[in-house]
Each structure stands twice: as C-alpha cells, then as structure tokens.
Amino acid sequence: MSTNTIQMYVNIKKNNVSTSTGFGKYYLNADTNETLSNDGLVNHIMHHNCAVGREAIAAVIKKLGECIPELVAQGQPVKIEGLGTFYPTAESSPILLNKLLDVKYNPLDALKGIHLRFKPQSDSLNDLTSRSYLKMQVSPVINLVTDRVQDGVDAEGKKKYKTLRCSLQEFRDAGGFPVALSASLTPSPSPTGEGSGNTGGGDNGGGSAGFETGGE
C-alpha cells in the first residue's frame, strides 16, 4: 500500500435548504470533477505500469459492468478484493400483521424498489469510509467558499441561480461574499490523478471571486 498522500480539495458550502436543521450553516464538501468514463479509467490504470494491454483492461471493465448487476439481481453479492462488496436490498412500506395474515393480500404491494448497494471493504486500512483512510491517503486542502443564490427567472418562468465562489481569505476579508463579483471564473487545478482524463467540474473554481449562472 502506498504511503504517498493525495492532495484533495474540499469546498466550504452553505446549506440553503430552508427545511434543513443545518439551514444557513456552512459545511465542508468534497470538490469533485466530471465522472470518469471507462476510457478515463483505462488510461489511469495504464499509467500505473499495468502489464495487461489496454484492450484487455477495457474488456474486463465492460464485463464487470455487465456481470455485477446480473449477479446481484439474482441475490448474489459480489466482493472485489481491496474495493468492497456489491449487494441487493429491498425497500418496502411497513406491513401490519393482520394484512400479512390476509390470504387476499399480496406482500409485493408493499415493495417500493430493489436497489444495488455497495459496501466498501473494511477489513484493512484501505477502508474507503474510515478515518484511517483519510489520514493515510488524503491531504485535504481548502479550495473555495461557495453559495447558491437565486438570480431571477428565465424566459420560461423557471428560477435561475448563480453560484458564488471565492477564496476563504477573500470571504474573511469581506465579512462574507464580496459585494462585487467578477463575471469570469478562472478554474483552479484539481486532483484528477495522472492520466485520469478528467477535465474538471462540480464546484471547482479559482481563487478569485466569481459566479456562474444556470437554470433550476
């Protein structure tokens, strides 16, 4: 297991959900990029000096995408060593005893859905959800303070929003978000990993204050 830590950006994001108990408070939020495609994952694996050819890697990844859902749908959990286990769960409404005893009642009426779940491996320090993983693998860095505010309505009457972004220092200096925000946004580098093929996305942004607009 590598002991080299990876620099990961985290943003400070305001909770704007009025019904939430955390409304108006700020929380740390992982800064994410665009989702990596199969080709991007193959490129990343190839940069780890993999002895297997590109075509073989791509074929295995494609087959995993086909076989794991098929097996899980049959009630067969699948564990990938070093990563975790895929398994099925059923979601249902509660069933009262008198209903269950009624021969005319079909218990499947209570079924809301079948879900494919993932449980990260927890029998080693590689546990993706553990504090030990954070300490050994990731070195968090504060990137930006972000907020999402309404910015009028579009031609169809739908609410428009703009996302405010500024550095933590600018936020503190202004006692909140700076009044004057630049209309341009210079992206900052994000930790995509060598050869990952990511181009950036999510809440990425530069150290300078700025905003972007978009519909609801």
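## Confidence and conventions

The mean pLDDT of the protein is 79, and 75% of the residues score at least 70; pLDDT is the predictor's confidence in each residue, from 0 to 100. Residues 182-216 stay under 50 in pLDDT, and the model has 105 contacts for them beyond four places in sequence, a contact being heavy atoms within 4.5 Å.

The model is predicted: local features need pLDDT of at least 70 and side-chain atom pairs count only at pLDDT 80 or more, whereas totals for chains, interfaces and linings use all residues. Residues are numbered from 1 along each chain as its sequence is written, and side-chain values use heavy atoms, with hydrogens and water left out.

## Salt bridges

Two salt bridges are found in a search of the whole structure; the term denotes a side-chain nitrogen of Lys or Arg within 4 Å of a carboxyl oxygen of Asp or Glu.

One of them joins Lys63 to Glu66, with an N to O distance of 3.3 Å. Both residues belong to helix H2 (residues 54-73), where they are three residues apart, about one turn of the helix; helices are DSSP runs (H or I, at least four residues), numbered from the N terminus. Glu66 is partly exposed at 40% relative accessible area.

Glu156 and Lys158 also form a salt bridge, their closest N and O atoms lying 4.0 Å apart. Lys158 is partly exposed at 46%, while Glu156 is exposed at 64%. On this scale, buried means under 20% relative accessible area, exposed over 50%, and partly exposed in between (1.4 Å probe, protein chains only).

## Nonpolar core

The largest nonpolar core has six residues: Ile12, Val145, Leu164, Cys166, Phe171 and Phe177. Such a core is a set of buried Ala, Val, Leu, Ile, Met, Phe, Trp, Tyr and Cys residues joined through side-chain atoms within 4.5 Å. Beyond four places in sequence, Phe177 touches residues including Tyr26, Val145, Asp147, Leu164 and Phe171.

Note on methods:
Helices (H or I, at least four residues) and strands (E, at least two) are DSSP runs, numbered from the N terminus.
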